[in-house]
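Q: I would like to learn how to read a few features of a protein model. Can we go through them in turn?

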Amino acid sequence: MYAYDELDRTIVNERVSEFRDQVARRLSGELTEDEFKSLRLMNGVYLQLHAYMLRIAIPYGTLSSKQLRALAHVARKYDRGYGHFTTRQNIQYNWIKLAEIPDALEHLAKVGIHGMQTSGNCIRNVTSDQWAGVVPDEVEDPRIWAEILRQYSTLHPEFSFLPRKFKFAITASDHDRAAIKVHDIGLRLYRNAAGEVGFEVMVGGGLGRTPFIAKTINEFVSRRDILSYVEAILRVYNQYGRRDNIYKARIKILVHELGIEKFKQEVEEEWVQMRDGALALDEAEIEDIRSRFFYPDYAKLEDTPPELTKALQNPNFEAWYRNSVAPHKQAGYGIVTLSLKPVGGPPGDATAEQMDEIADLADKYSFGEIRVGHEQNLALPHVAKRDLPALWRALDRIGVATPNVNLVTDIIACPGLDYCSLANARSIPIAQEITRRFANIDTANLIGRLHINISGCINACGHHHVGHIGILGVEKNGEEFYQITIGGRADEGATLGQLVGPAVPFDQVADVIEDIVEAYLALRQRPGELFVDTVKRLGVEPFKERVYATR
């Protein structure tokens, strides 16, 4: 956990006061909706299909129990009793009243969270690995660098009105859980051959209408120089990015059109003028940020305690443990993922009651800390293995112990046409039906790791392009149809999925997914071959033949 200082608190409180005045002027008619739009967007307020929506930032996915209780309070008092966790490690409230948003933001400000820059053409919430700081294969905690980027980018006068929204992601592990290759700037913290820790910098990734995987612009940038280097990138983008065409405004288009070598030349020319200036970081500054993070005082515990050994004799607990508990850097502890994907439920939703209960469990079992992952699940990052049986029972009682993490029913989905004014088709009912089709956990385990991602429109908030199976809602003559892609992935081997064939109507989507899965089970070389590896080996055609044979 990071401890906010007085400056942070002052900025957040002043922004709440400023936005309260702006809302009052909008409600009185002094501001038109057009005049109000840019103001509300920079505070995370959207006008959705049925109501306003408030988006709250959870920087690098880290929450305290106190903050989670505040989010629960807002859900209960100002919304319809739940919140929706997103692929950007944010939370959204879909039914909030405009007149009450300043009160909700004031309550959240008391615990150091806000909606600033969760929308608008600015640097958005900086995301990271939800297991940062606790996973064994990490070079160092990437949240330190995410926090440096957060402080650097918040209300930055030069980059508050970019050509388009801008997204950072950072990881420090061999396995990328932060999807850095589909971000405007992706940062991989690693140790080079000389033993120095620095960053591989990737640029120009992104999904939406024109998806691209990010390209490496610099193999190694030192920790000292990382802020100046990303500012050089931002300056080049701010100067040359398209402002005349919203569909060509993202940095991915600029990188694609210039080519990575020409883009790098522009960045390097900018960087050489500024790398030794105010943005050069010294170790004292880095350590100051590091010192503001709270790290638990771990006890020395058995790595296989008798409580765990006994509980593993219960097949239900064993299935959950195998699926939901990951190795921790500290012996005797585990990282526990809480599934927000119950069978038949909307992916990523948590009720106020669940949030309160999870906050209590975090206090009891995880040093008061909760994480949010871009897969729309939560995690308790510091759980003693001896406490896992008791925690499992408590999580099961509140409905977040479904043992489906990374399996076929652990679906990523945007809110779709049920809420979003930009959507062409529904996402949530598709996800709900697929989870019902594959509800049998033995079947899900037989299938193995398989990520299904669903977006209700081309904006790709559900990251459908990089789903092992991607589902995109489109509109045809007033009806909902869905394009299906396969073979995408968002990790260190990130690649875009390939279209299987023509779009299918709403009522056939779940059938098509079943056909694809059945084809995979018949085609894989061995039980351990992952779906994406089978697709990579065989291509799309065998799956296409199966899906469209009778259609």
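A: First, the ground rules. This is a predicted model: local features need pLDDT of at least 70, side-chain atom pairs count only at pLDDT 80 or more, and totals for chains, interfaces and linings use all residues. Residues are numbered from 1 along each chain as its sequence is written, and side-chain values use heavy atoms, without hydrogens and water.

Q: In which sense do β6 and strand β7 (residues 168-171) pair, and over how many bridges?

A: Strands of a sheet pair through backbone hydrogen bonds, either parallel or antiparallel. Here β6 and β7 pair in the parallel sense, over two bridges. Pairing needs at least two DSSP bridges between two strands. Strands are DSSP runs of E, at least two residues; helices are runs of H or I, at least four; both are numbered from the N terminus. Thr127 has Ala169 in β7 as its bridge partner.

Q: Which strands stand at the edges of the sheet?

A: The open sheet has five strands, ordered β6-β7-β8-β9-β10, with mixed pairing. β6 (127-128) and β10 (215-222) are at the edges, each with a single partner strand, so one side of each lacks a neighbour in the sheet.

Q: How many disulfides are there?

A: A disulfide is a covalent bond between the sulfur atoms of two cysteines. The cut-off is a pair of cysteine sulfur atoms within 2.5 Å. The count is zero. For Cys122, the nearest cysteine sulfur, that of Cys461, is 15 Å away. For Cys414, the nearest is also that of Cys461, 6.0 Å away.
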